[in-house]
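This report describes a single protein chain for a reader who is new to structural analysis. Please keep the sequence and the three-dimensional view at hand while reading.

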Amino acid sequence: MLNIDISDTKGFVRKLLMDEVFDNFLLVEANVKSNVSYHISGRINKDFFDNDELSEMVSEDYICWKTTRGHIYNVIKGNKLPLSFKLVFILSKPNINHIIEKNNLPFSTDDIANLTLNIYFDGKSITATTITSLRSFSTDKTLEMLWDNSVKAFFKHYEIV
């Protein structure tokens with residue numbers, strides 16, 4: 001697990017909500033506390049989509065951030081900062097598989113429950129936290145280290161400090 005304190009809050013929020021930087025992540029949930037509290041589940045309501053739309057989705061369970069980013073932006077924007085917000089992102093199975101194959105790991109995508117990136121704003125500062133969840137117990141921390149390093153490299157690539 002890795003905790004990253006974001007020093008450029010304004011720049012980070014712009015990249016998060018207005019740019020395409022995080023668009024390939026899947027949204028598990030979003031919580032925003034402002035004048036009222038909002039809880040948004042990223043779980044796909046399959047009845048809303050036709051079969052063609054469902055077949056084009058990256059995940060059977062969770063929506064891509066790019067398709068819901070505008071909704072969250074509309075909840076957060078305004079003259080006042082929200083009191084807090086929390087976003088829970090996970091990596092899609094194709095992206096998990098890419099990490100597995102690139103690093104010759106002894107895992108399959110079915111062995112990995114989630115590679116998670118939590119983003120939390122407490123009203124003053126933003127913290128990003130990584131979490132690695134396996135479906136069964138393992139003492140091997142290679143995947144956790146690779147996920148942490150991938151997030152560090154991702155942040156460096158997009159100049160998130």
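**Overall build**

The structure is a predicted model. Its chain contains 5 helices and 7 strands. Read from the N terminus, these elements follow the order β-α-β-β-α-β-α-β-α-β-β-α. The radius of gyration is 16 Å, close to the 15 Å that the globule rule gives for 161 residues, so the chain is as compact as a globular protein of that length. The C-alpha trace spans about 50 × 40 × 25 Å along its principal axes.

How much of the chain is buried? Of the 161 residues, 39% are buried. Contacts can also be sorted by how far apart the two residues stand in the sequence. When contacts between residues at least 6 apart in sequence are considered, 66% of them join residues at least 24 apart.

The accessible surface of the chain amounts to about 9900 Å², and carbon and sulfur atoms account for 49% of this area. As for charge, there are 18 positive and 21 negative side chains in the chain. The centres of these two sets are 9 Å apart.

**Strand pairing**

Strand 7 takes part in two of the pairings described here, one with strand 1 and one with strand 6. Strand 1 and strand 7 run antiparallel and are joined by 5 bridges. Within this pairing, Leu2 has Thr130 of strand 7 as its bridge partner.

Strands 6 and 7 form a hairpin, with 4 residues between them. The turn of this hairpin includes Gly123, whose phi is positive, at about 100°.

**Helix 1 and its cover**

Which residues of helix 1 are buried? In this helix, which comprises residues 9–17, the buried residues are Gly11, Phe12, Lys15, Leu16 and Leu17. Their cover includes helix 3 (65–76) and helix 5 (142–157). It also includes strand 1 (2–6), strand 5 (84–90), strand 6 (112–121) and strand 7 (126–134).

| Residue | Relative accessible area | State |
|---|---|---|
| Thr68 | 9% | buried |
| Asn104 | 69% | exposed |
| Glu159 | 64% | exposed |

Thr68 belongs to helix 3. Its relative accessible area is 9%, which is under the 20% cut-off, and Thr68 therefore counts as buried. Leaving aside residues up to four places away in sequence, Thr68 touches Leu27 and Ile63.

Where does Asn104 lie? Asn104 is found in the loop between helix 4 (93–102) and strand 6. Asn104 is not a glycine, yet its phi is positive, at about 50°. Its relative accessible area of 69% is over the 50% cut-off, so Asn104 is classed as exposed.

Glu159 is located in the segment after helix 5. Although Glu159 is a residue other than glycine, its phi is positive, near 55°. Glu159 is exposed, because its relative accessible area of 64% is over 50%.

Note on methods. Residues numbered from 1 in each chain as written. Predicted model: local features only at pLDDT ≥ 70, side-chain atom pairs only at ≥ 80, totals over all residues. Heavy atoms only, no water. Buried < 20%, exposed > 50% of the residue type's maximum accessible area, 1.4 Å probe, protein only. Contact = heavy atoms within 4.5 Å. Rg over C-alpha atoms; globule rule 2.2 N^0.38 Å. Areas by Shrake-Rupley, 256 points an atom, 1.4 Å probe, with all protein chains shown as cover. Lys, Arg positive; Asp, Glu negative; His and termini not counted. Charge placed at Lys NZ, Arg CZ, Asp CG, Glu CD. Pairing = 2+ DSSP bridges.
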